[in-house]
Amino acid sequence: MDDKLVNSVRSTVFKDSDSLEGTCTRIEGYDFNQGVNYSRLLKSMLSTGFQASNFGEAVEIVNEMLDWRLSDEPIAEDSSEEEKDPTYRESVRSKVFLGFTSNLISSGVRDTGRYLTEHHMVDVIVTTTGGIEEDLIKCLAPTYKGDFSLPGAQLRSRGLNRIGNLLVPNDNYCKFEDWIIPIFDQMLKEQHEENVLWTPSKLIARLGREINNGNSYLYWAYKNNIPVFCPGLTDGSLGDMLYFHSFRNPGLIIDVVQDIRAMNGEAVHASPRKTGMIILGGGLPKHHICNANMMRNGADYAVYINTAQEYDGSDSGARPDEAVSWGKIRGSAKTVKVHCDATIAFPLLVAETFASRSKNFVA
Amino acid sequence: MSDEEHHFESKADAGASKTYPQQAGTIRKNGYIVIKNRPCKVVEVSTSKTGKHGHAKCHFVGIDIFTGKKLEDIVPSSHNCDVPHVNRTDYQLIDISEDGFVSLLTDSGDTKDDLRLPTDDNLLKQIKDGFAGGKDLVVSVMSAMGEEQICALKDIGPK
């Protein structure tokens, strides 16, 4: 063979590669010869690749968000005297927005959420209506495990409602109705007699107070003054109850305008705190939190955990980088999307982050 | 207490109560129901089965029998609703006064003068024209929950 040709082919096929050593993490999974050590197993995900690595990054980002203090930043020129005080700066932490869809509250993730509100580990919650009622109903009667394949018509005739592979008996909703209607009556009375103007978040806080049950995340949110926003309050069983109540005892007014002021205010007035978003699922909670953060030119940390895809242009499937184009997340922010069902990823995430730092959250 | 009952005056003859309770799930179309304290004729009933919205419920659309207004209500099907006692009595028309009251002849030969002319234009015209024309008219008076109104008219005169 021609030497020149050989050399030319050799230089094409055996192109020198960049060295990744030192700049990139080596891929290495967990070694079970160490025994079954769950903590090390979870930490090994960062170097396992694919969504395990994204999960590992999510843990890093959340921990960075939880560990940040204003004292980590250089003192800004326009800081007030208070803001310059070192003790004050040590005390200023990130503001955490937590969003999740209703199905997660039907699932056991509700109990993870309860842990977070119980210890005031998050600052603002956004969810859909089911995320409110399913938590309250579980205090009145339980949800059961079923199967995705149970036939709908049979379940209907047995008075069972299917949520994925979970089952909620009709009777649970009847108990909810019996519990909530007198509360609405009382709220209407207060509206007339004490000029209370109810909003979704005020209503939710009231329900958290009324349920008075330590298993409910809404109870702890009420106790710890964590606002829970639900602009789509009418879209669920709660909405059905409002509908029926409007016939029996009309006049209850629920104002969404006050709540959008409050929600956006949480973001706008957060400074000098950094803001972080942990969003489970898509839909309304995802967008509502991102939109509020747009008002302060973007969040500093964002972790998405959902199974939606971006190819249909939906907001649910949009990656954090799309939000950067809107100013909902800062260009300098630390972000990751974990493509995983939150029932798997979220409890594990909390184990490696909030729960590992529980001492930081003593009131 | 029984002494006081002797002095009790009621317009309706059908006893002391103006309504009686009936389970919502048993009230049918063309029956009667009280909605927002008004006696209504039921024109539509639909039931939603027990589900996410709680107990099974009956959705009633009723027409106020005196004003013709449409009223709606939703009631759990196991709850009791009030059903009005609705009575129709026929009286012979004796006279129409200038201020819009009618004079009616009761069965016992007394006159009943406390009823106004109906507000329905059609019926009003028929009564006025018929009376002016010297016809023998019998009016049907519907009564429920303490209210009365002329609801129909018959010409019983010679052909």
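**Basis.** I worked from a predicted model, in which local features need pLDDT of at least 70, side-chain atom pairs count only at pLDDT 80 or more, and totals for chains, interfaces and linings use all residues. Residues are numbered from 1 along each chain as its sequence is written, chains are lettered from A and ligands numbered from 1 in the order in which they are written, and side-chain values use heavy atoms, with hydrogens and water left out.

**Chain B overall.** I found that chain B exposes about 9,900 Å², with 47% supplied by carbon and sulfur atoms. Accessible areas follow the Shrake-Rupley method with a 1.4 Å probe; for residues, only the protein chains shown count as cover. I recorded two helices and eleven strands in chain B, in the sequence pattern α-β-β-β-β-β-β-β-β-β-α-β-β. Helices (H or I, at least four residues) and strands (E, at least two) are DSSP runs numbered from the N terminus. Of the 159 residues in chain B, 34% are buried. Buried denotes under 20% relative accessible area, exposed over 50%, and partly exposed in between (1.4 Å probe, protein chains only). I noted that 48% of the contacts in chain B between residues at least 6 apart in sequence join residues at least 24 apart; contact means heavy atoms within 4.5 Å.

**Ser140(B).** I located Ser140(B) in strand β10 (residues 137-144). Ser140(B) counts as buried because its relative accessibility is 6%. Its side chain makes a polar contact of 2.7 Å with the side chain of Asp90(B). Such a contact is a pair of N or O atoms within 3.5 Å; within protein, one must be able to donate a hydrogen and the other to accept it, and residues adjacent in sequence count only if both atoms are side-chain atoms. Beyond four places in sequence, Ser140(B) touches residues including Arg88(B), Thr89(B), Gln149(B) and Cys151(B).

**Asp135(A).** I then turned to chain A, where Asp135(A) lies in helix α8 (residues 129-140). Asp135(A) is buried, at 0% relative accessible area. A polar atom of its side chain lies 3.3 Å from the backbone nitrogen of Leu218(A). Leu218(A) is also among the residues that Asp135(A) touches beyond four places in sequence, as are Ile105(A), Arg110(A) and Tyr217(A).

**Val9(A).** I placed Val9(A) in helix α1 (residues 3-13) of chain A. With 44% relative accessibility, Val9(A) is partly exposed.
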